[in-house]
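Subject: Structure handover

Hello,

Here is the structure I said I would pass on. My notes on what was found in it follow below.

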Amino acid sequence: MSAMTEASNLHQRRWQDAVDGVQRRVAGVAPYRASGRIVRATGLVLEAIGLRVPLGSACRIEVSPRSTLASHQRDSERFAEAEVVGFSGEKLFLMPLEEISGLLPGSRVFPLGEGPHENGSARRFPLGDTLLGRVVDGNGRPLDGKGPLADAPHAPLATPAINPLSRAPIDTQIDVGIRAINGLLSVGRGQRMGLFAGSGVGKSVLLGMMARYTRADVIVVGLIGERGREVQDFIDNILGAEGRRRAVVVAAPADTSPLQRLQGASYATRLAEGFRDAGRNVLLIMDSLTRFAMAQREIALAIGEPPATKGYPPSVFARLPSLVERAGNAMKGGGSITAFYTVLTEGDDQQDPIADSARAILDGHIVLSRTLAEGGHYPAIDIEASISRAMTSIVSNEQQRQAQHFKQVMSRYQRNRDLISVGAYTPGHDPQLDQAVTMHPRLERFLQQRIDERADIQETQDALASLVPG
């Protein structure tokens, strides 16, 4: 009898455990599933009604099962991902993360979230050492065919801003391996520099040299809005195997949606922040800040924001500092992000609105000259037009005097180049010009450097001291 009672009690406990498990699962399910529907599709923007979610939230849009979607769509081939980029009254403005087909009038829109209270506003992206040596897209999905990143920790893109008074000062020079920069435009750890260049003047090559030669624990490269061919070329030929081992590459090429390009730049910055918060010294290379601004312009104009300066809406100039200010030093004793942002100057116009805005928010700028590049002078750095705002805090007074003297001699020669070229220059009338003419060949040799040549800080200082003693 006792055996039967014990068996009955065991059966009852198992049944109760099963019921409790079902109740727990039911309790975790939302009482209803919120959804809206698409009422208009014009250009890049979709309009939806019937859904109440915050700006920046991610949503899934139901599309025709026969539509052709990307093979890496995660949830189902019947859904495409989009983000809320604006609203007007009860209407939400959505922008797909990638091109979609098979969209029908009245297609349902669901918030992208797992739990009953989630609305998708905090999508999570892979971070950490698992990504070293990998190439990912703006969503954190691998592009290199080396398998998924399931083991990587995930976190949202948004991070709280660092109190500017808590940041460590820029007081230590970082070795970038480029003689002209180490000697005359010295960069400090945690500094944010702009690389201003038109097309075809050696910008990508210079970035690759810095990626290989810079003394940094981790390199994060954001290739934003570049041609797909350039992405492969940068990874294989410019970054190289040595640089790639300690690097993460985030690629959002020109053929991706403007939203994907914006997200790619934010994700690259978030990766750098993650390594910095772990106490690492990070080199962040963003190519390019101009493509980031153009992506924001496309989105802003598509949702009806009025253009301002040369077709750029005001939101563009608000987004630039919010991205750039995330780089820099952490609190004292923590890690750092030393960042180089390329800025494309259309027609080599240094007064382009994006270039002008970037100069105001960055800690210095390096200008590449088309004239120098066409003359075979590489890297084609225009020393007269370039400046590092942190240089006075990180190098000795002697090096500052040497750099100043170097620039003065170069400037003196450049102002009289035409006279020298036509033979109108006569030695003996201007001692300073005579010195500039005599020294110019050696100064040019100092500024030039082969792609496979690395010039460390000590070597650079010795060469500079031999040219222009302090």
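Of the 470 residues of the protein chain, 50% count as buried. Please keep in mind that this is a predicted model. The secondary structure of the chain comes to 14 helices and 17 strands. Among contacts between residues at least 6 apart in sequence, 72% join residues at least 24 apart.

The barrel

Six strands close into a barrel, in the order β1-β2-β5-β4-β3-β6, with antiparallel pairing. On average, neighbouring strands of this sheet are turned by 45° against each other, direction ignored. Strand β1 (residues 36–42) and strand β2 (residues 45–49) run antiparallel and are joined by five bridges. In that pair, Ala-41 of β1 has Leu-46 of β2 opposite to it.

Ser-107 is placed in the loop between β5 (91–96) and β6 (108–111). With a relative accessibility of 7%, Ser-107 counts as buried. A polar atom of the Ser-107 side chain lies 2.6 Å from the backbone oxygen of Leu-104. Leaving out residues up to four places away in sequence, Ser-107 touches Gly-36, Arg-37, Ile-38, Ile-61 and Glu-62.

The nonpolar cores

The largest nonpolar core has 56 residues, and those with the most contacts inside it are Ile-181, Leu-184, Ile-366, Ile-381 and Phe-406. Helix α3 (residues 203–213) gives the most to this core, with six residues.

Ile-381 can be followed through its contacts. Residues up to four places away in sequence aside, Ile-381 touches Ala-180, Ile-181, Leu-185, Leu-206, Ile-366, Val-367, Leu-368, Leu-372 and Ser-386. Another core, of 53 residues, lies apart from the largest one. Among the residues of this other core are Val-250, Leu-262, Tyr-267 and Ile-337.

β16 pairs with β10 in the parallel sense, over three bridges, and here Leu-195 stands opposite Ile-366. β16 also pairs with strand β17 (residues 387–388), in the antiparallel sense and over two bridges. In this second pairing, His-365 stands opposite Ile-387 of β17.

Helix α8

Is helix α8 (residues 353–361) mostly covered or mostly open? It is mostly covered, with seven of its nine residues buried. The buried residues are Pro-353, Ile-354, Ala-355, Ser-357, Ala-358, Arg-359 and Ile-361. What do they pack against? Their partners are β10 (192–197), α6 (289–302), α7 (314–324), β15 (336–344) and β16 (364–367). Two of these elements, β10 and β16, are the parallel pair described above. At the start of α8, the backbone nitrogen of Ile-354 has a side-chain oxygen of Asp-352 within 3.0 Å.

Two further residues

Gln-399 is placed in helix α11 (residues 397–415). Is Gln-399 buried or exposed? Its relative accessible area is 3%, under the 20% cut-off, so Gln-399 is buried. A polar atom of the Gln-399 side chain lies 3.1 Å from the backbone oxygen of Gly-183.

Pro-156 lies in strand β9 (residues 154–156). At 26% relative accessibility, Pro-156 counts as partly exposed. Pro-156 and Phe-125 are 31 residues apart in sequence, while their C-alpha atoms are 6.0 Å apart in space.

That is the set of notes for now.

Regards

How values were computed. Residues are numbered from 1 along each chain as its sequence is written. This is a predicted model: local features need pLDDT of at least 70, side-chain atom pairs count only at pLDDT 80 or more; totals for chains, interfaces and linings use all residues. Side-chain values use heavy atoms; hydrogens and water are left out. Two strands pair if DSSP finds at least two bridges between them. Helices (H or I, at least four residues) and strands (E, at least two) are DSSP runs, numbered from the N terminus. Axes are lines fitted to C-alpha atoms, for helices over the stretch in contact, and angles run from 0 to 180 degrees between N-to-C directions. A nonpolar core is a set of buried Ala, Val, Leu, Ile, Met, Phe, Trp, Tyr and Cys residues joined through side-chain atoms within 4.5 Å. Buried means under 20% relative accessible area, exposed over 50%, partly exposed in between (1.4 Å probe, protein chains only). Contact means heavy atoms within 4.5 Å. A polar contact is a pair of N or O atoms within 3.5 Å; within protein, one must be able to donate a hydrogen and the other to accept it, and residues adjacent in sequence count only if both atoms are side-chain atoms.
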